[in-house]
Amino acid sequence: DQLNAFVTATLDYAFLERAELALNLAHHDFTHILPAIAASVQHNALSATTIECDVDPKARAVKCDIHLLETVVRNLLHNALRYAHARVRLQFLVEGTTYVLRVEDDGPGIAPADRERVFESFVQLDSGGQSKSGFGLGLAIVKRVLEWHGGTVSVSASDWGGARFEAR
C-alpha cells in the first residue's frame, strides 16, 4: 500500500511538472466549496482538532482549476491537522484582484531556516519525535499548482504559535 501511494504521489507531482499542462479554468463559488472541503477533511481526520473556516462573501466567482485548487487546500489542511494541537483555521480573502488563501495551526510551527526548503520535493522536516507520514511531496505540489495559477505560497509563524501558510 505504501509503495502504491508513493508511486501515485510521484506520478501526480510529475504530471504537474509537465510544461504543457493546461489548466481547466472556470469560475467557482468558494463560499460553498471551501467549507465543504474543510468539513470533508475534518470528517476523515484521525484527530479531534477542529477546523475553522472563514470565507470572504465576495469569493463567489473565483477563477481557477478547481481540481488542482482542491488538492492545494486538502494538502494544506492535512499538514495542519498533522501538527496542530487543537486548532486549524482556513481563511479565504478577496483583496482587490488578489485572492488570499491562509491555513494556520497552533502546532510547533516551522523554523525560519526551513521555511523555503519545506516546498522542495521529497523534503520532510524533523517532526519532533512523531513518526513521519507522507513522502515530502504535498507542499511541493502546493507550490507547483500555485505557480501554474500565477501565484505564490509562503510560510510564516501563526499568531497561535504554529505555522501559517499563505497562498496568493
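**Notebook: salt bridges and a few other look-ups**

I started in helix α4 (residues 138-148), where Glu 147 and Arg 144 both sit, three residues apart, about one turn of the helix. Helices here are DSSP runs of H or I with at least four residues, strands are E runs of at least two, and both are numbered from the N terminus.

Before going on, I noted that this is a predicted model, so local features need pLDDT of at least 70 and side-chain atom pairs count only at pLDDT 80 or more, while totals for chains, interfaces and linings use all residues. Residues are numbered from 1 along each chain as its sequence is written, and side-chain values use heavy atoms, with hydrogens and water left out.

**Salt bridges**

The term means a side-chain nitrogen of Lys or Arg within 4 Å of a carboxyl oxygen of Asp or Glu. Side chains of opposite charge can pair when their charged atoms come close. I also checked how open Glu 147 is: partly exposed, at 37% relative accessible area. For that scale, buried is under 20%, exposed is over 50%, and partly exposed is in between (1.4 Å probe, protein chains only).

How many salt bridges are there in the whole structure? My search turned up eleven.

One of them pairs Arg 60 with Asp 29, with 3.5 Å between the closest N and O atoms. This pair ties together distant parts of the chain, 31 residues apart: Arg 60 is in the loop between β2 (50-55) and β3 (62-64), and Asp 29 is in the loop between β1 (26-28) and α2 (30-44).

I then looked at Arg 168 and Glu 166, whose side chains form a salt bridge at 3.0 Å, N to O. Arg 168 is partly exposed at 39%, whereas Glu 166 counts as buried at 16%.

I also came across a network of salt bridges linking Arg 89, Glu 104, Asp 159 and Arg 164.

**Around Thr 152**

Next I went to Thr 152, in the loop between α4 and β6 (153-157). What does Thr 152 touch, leaving aside neighbours within four places in sequence? I got Leu 146, Glu 166, Ala 167 and Arg 168 as contacts, meaning heavy atoms within 4.5 Å. From Thr 152 to Val 142, ten residues apart along the chain, the C-alpha separation is 9.3 Å.

**Cysteines**

Last, I looked for disulfides (cysteine sulfur pairs within 2.5 Å) and the count was zero. Cys 53 is partly exposed at 33% relative accessible area, but Cys 64 is buried at 3%.
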